[in-house]
Amino acid sequence: MPNPSFFTIPFFARGFRPFFFSGALFSVLSIALWGSFYAGISTPPGFFVDPISWHAHEMIYGFALAIVAGFLLTAVANWTGTVPVRHLHLAGLCALWIAGRVVMGVDLGLPSWGIIALESSFVPALAISLALPLLRTWNKRNFIFLAFLSVLFACDVWFLTTGNMTALYVALMMILNMVSLIGGRVIPAFTVAALRRRGIDAAQTGQTRMDIAALASLAAVTLCLVFVRETILLGVIAALSCIIHALRMRHYHTLKALSDPLLWILHAGYGWLVIGLALLALTGFGLLHTTAAIHALTAGCIGSMILGMICRVTLGHTGRNLEVGRLTILSFYTIQIAALLRVFGPMLAAPGYMTHGIVCSALLWTLCYAAYLAVFSGMLFSPRPDGQEA
C-alpha cells in the first residue's frame with residue numbers, strides 16, 4: 001500500500017499530468033498492437049468484444065477520454081477558481097481508468113457484468129468530480145460538458161451490453177462536439193494572442209451564432225448516424241455541418257498561424273474535422289465508405305488536436321515557454337502523414353498493398369505519441385521550474 005504522501009507528488013497535482021501521460025502511453029501501446037495485428041504479428045484482445053470493436057472502443061474510451069479527462073480536470077479549476085482535483089482523489093480517478101483498460105484488454109475470467117461495471121465506472125466518477133465545482137460556482141457556461149459525459153456514459157453501457165457499434169458512433173460525435181466547442185474557444189484566442197506577441201495586428205471575432213450552429217449541426221449529424229445512416233439526409237446534414245465549420249475558420253487567422261507549430265497543429269486538427277464531415281457527406285450520398293470519414297475524424301482531427309493540445313497544455317501549466325523543439329515539430333508533421341495514409345491510403349493503394357499503408361500509419365502514429373512521452377514526461381513528473389505550485 002503506497003504511503004499517503006506518495007499521492008502528493010507533482011504527478012498527482014493536476015489532472016493533465018497523469019492523464020496526458022497515461023493516455024499517450026496507452027495510445028502508443030494500443031496502436032502498436034493494432035498495427036502488428038495488420039502486419040500479422042499479433043492479435044488484439046477479443047474475449048469480450050471482437051478485435052475491431054475493441055480497437056474502436058479503446059481509442060474513444062481509453063485514449064481520447066483520458067486526454068479529455070486531463071484537460072477538463074485542469075480547465076474546470078481555472079474556470080471556477082476552485083482547488084483542482086488532485087492527490088488521492090486524482091489517483092483514484094486514474095485507477096478507475098486503468099481498471100477499465102485492464103478488464104477490456106486482459107481476460108481475468110470476470111463475468112460480463114463485472115467487466116461492464118469496472119469499465120463504465122470511470123465516466124460517472126469523472127462527471128461527478130467536474131460537476132461539484134461547476135455547480136458550486138454555478139458555472140452554467142460549462143454545464144454542457146456534463147451533458148457530453150452523460151451521453152458518453154450511456155453509450156459505453158449501451159455498447160458493452162449490446163455490442164451495437166452505433167453507440168460508438170454517438171460516442172465519437174460527443175468527442176467531436178468537445179473538439180468543436182473547445183476548438184472554437186481556444187484556437188482563435190491562442191492565435192490572436194500569439195500574433196499580437198509578434199507585433200501583428202489581429203483581433204478575435206465573436207461569432208456566437210456560428211458557434212451554436214456548429215454544435216447544432218453536429219447534433220443533427222449524430223441523429224442521422226443513429227437513425228438514417230448512409231442516406232441522402234446524412235449527406236445533406238454532414239455537408240451543411242462541414243460548411244458551417246469551414247466558415248468558422250475564416251476568422252481564425254489560419255494563414256498567419258502557419259509559422260508557429262503550436263498554433264498550426266491545432267488549425268490542422270480543426271481542418272481535419274472539416275475534411276471528415278465532407279467525407280461523411282460523401283458516404284451519405286453513397287460515394288464513399290464510412291471508414292474513410294471515421295478515420296479522418298479520429299486519426300486526423302482527434303489525433304492532431306490532442307497532440308497539439310497536450311504539448312501546449314503541458315508547457316503552459318508546468319511554467320515553461322510555449323516553444324517546441326525539432327522532435328515535437330517533426331511529430332506534428334508526422335501525425336498528418338499518418339492520417340493521410342489511414343484515410344486515403346486504402347482508396348489509392350494498389351491491390352494487395354492496403355495493409356501496408358495501415359501498418360505504416362500505425363507506426364507513424366506510435367512514433368508521434370512516443371515523441372511526446374520522450375520530450376514531455378519529465379515535465380509531467382517534476383515540479384514547476386518557476387517554484388509555483390505544481
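Is Arg248 buried or exposed? Arg248 is buried, with a relative accessible area of 2%; buried means under 20% relative accessible area, exposed over 50%, and partly exposed in between (1.4 Å probe, protein chains only).

This is a predicted model, in which local features need pLDDT of at least 70 and side-chain atom pairs count only at pLDDT 80 or more, while totals for chains, interfaces and linings use all residues. Residues are numbered from 1 along each chain as its sequence is written, and side-chain values use heavy atoms, with hydrogens and water left out.

**Stop 1: Arg248 and Asp211**

Select Arg248 together with Asp211. Their side chains meet in a salt bridge (3.0 Å, N to O), a term that denotes a side-chain nitrogen of Lys or Arg within 4 Å of a carboxyl oxygen of Asp or Glu. Arg248 belongs to helix H9 (residues 232–248) and Asp211 to helix H8 (residues 208–227), so the pair ties together parts that are 37 residues apart in sequence. Helices (H or I, at least four residues) are DSSP runs, numbered from the N terminus. Asp211 is partly exposed, at 23% relative accessibility.

**Stop 2**

The structure holds five salt bridges. For another of them, select Glu58 and Arg101, whose closest N and O atoms are 2.6 Å apart. This pair links distant parts of the chain, 43 residues apart, with Glu58 in helix H2 (residues 51–80) and Arg101 in helix H3 (residues 87–105). Glu58 is buried at 1% relative accessible area, and Arg101 also counts as buried, at 10%.

**Stop 3: the nonpolar patch**

Next, select Ile98, Val102, Val106, Leu108, Leu110 and Leu118, which form a nonpolar patch on the surface with about 460 Å² of accessible area together. Patches consist of residues with over 30% relative accessible area and no salt bridge; like charges are joined within 9 Å, and nonpolar side chains (Val, Leu, Ile, Met, Phe, Trp, Tyr) within 5 Å. Accessible areas come from the Shrake-Rupley method with a 1.4 Å probe, and for residues only the protein chains shown count as cover. Leu118 is found in helix H4 (residues 112–120) and is partly exposed, at 34%.

**Stop 4: helix H1**

Finally, select residues 16–38, which make up helix H1. Its 23 residues reach 32 Å from first C-alpha to last, close to the 33 Å expected at 1.5 Å a residue; the expected span is 1.5 Å times one less than the number of residues. H1 is mostly covered, with 17 of its 23 residues buried. Gly40 follows H1 and has a positive phi, near 80°.

How values were computed. Helix = DSSP H or I, 4+ residues; strand = E, 2+ residues; numbered from the N terminus.
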